[in-house]
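Thanks for coming, everyone. I'll keep this short. Please look at the model on the screen.

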Amino acid sequence: MLEELDRKDEAEAVYRRGLEAEPSHPTLLYNLGIILDKTDWVDEAESSFRNALKSKPTWEAGLNNLGIVLQKRGKDEDSAKVFERI
């Protein structure tokens with residue numbers, strides 16, 4: 001909701017606080033990855049998506065966003081492998 005209101009900094013802070021309580025919560029990690037990608041922190045976004053996928057390895061939305069972030073980072077081969085998993 002906060003990110004939709006263009007309050008990305010606040011949304012990021014909320015997700016990070018949630019992750020302090022539950023560090024491996026896949027939805028929080030995924031949502032943080034979305035915010036990080038939108039703010040051009042693609043290295044951290046990649047890490048966040050990868051961590052989200054540790055507990056939900058077949059999550060299509062997570063795989064899709066990881067693939068997109070990998071493309072942005074110029075990791076085309078890795079990106080293609082991720083997209084093949086969808």
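Let's start with what is hidden in helix H3. Its buried residues are Val42, Ala45, Glu46, Ser48, Phe49, Ala52 and Leu53. How are they placed around the axis of H3? Seen down that axis, they fall within an arc of 165°, so they line one face of the helix. Keep in mind that this is a predicted model.

Now the helix itself. H3 runs over residues 42-55, which is 14 residues. From first C-alpha to last, H3 reaches 21 Å.

What covers the buried residues of H3? The cover includes helix H2, residues 26-38, and helix H4, residues 60-72.

Take H3 against H4. Their axes come within 9 Å. They cross at roughly 155°. Angles over 145 degrees count as roughly antiparallel, and H3 and H4 are therefore roughly antiparallel to each other. The crossing of H3 past H4 is left-handed. Which residues make the contact? On the H3 side: Val42, Ala45, Glu46, Phe49, Arg50 and Leu53. On the H4 side: Gly62, Leu63, Asn65, Leu66, Val69, Leu70 and Lys72.

Next pair, H2 and H4. Here the axes come within 11 Å and cross at roughly 30°. Under 35 degrees counts as roughly parallel, and H2 and H4 are therefore roughly parallel to each other. H2 also passes H4 in a left-handed crossing. From H2, the residues are Tyr30, Ile34 and Asp37. They meet Ala61, Gly62, Asn65, Val69 and Lys72 of H4. Gly62, Asn65, Val69 and Lys72 of H4 are also in the contact with H3.

Two aspartates to finish. Where is Asp40? Asp40 sits in the loop between H2 and H3. Its phi is near 65°, a positive value in a residue other than glycine. Is Asp40 buried or exposed? Its relative accessibility is 63%, so Asp40 counts as exposed; the cut-off is over 50%.

Asp76 lies in helix H5, residues 76-84. Asp76 is exposed too, with a relative accessible area of 52%. How far is Asp76 from Lys54? In sequence, they are 22 residues apart. In space, they are 21 Å apart, C-alpha to C-alpha.

That's my tour. Questions, please.

Methods. Residues numbered from 1 in each chain as written. Predicted model: local features only at pLDDT ≥ 70, side-chain atom pairs only at ≥ 80, totals over all residues. Heavy atoms only, no water. Helix = DSSP H or I, 4+ residues; strand = E, 2+ residues; numbered from the N terminus. Expected span 1.5 Å × (residues − 1). Buried < 20%, exposed > 50% of the residue type's maximum accessible area, 1.4 Å probe, protein only. Arc of directions from axis to C-beta. Contact = heavy atoms within 4.5 Å. Axes fitted to C-alpha atoms, helices over the stretch in contact; angles between N-to-C directions. Parallel < 35°, antiparallel > 145°, perpendicular 65-115°, else oblique. Left-handed = near helix turned anticlockwise from the far one by under 90°.
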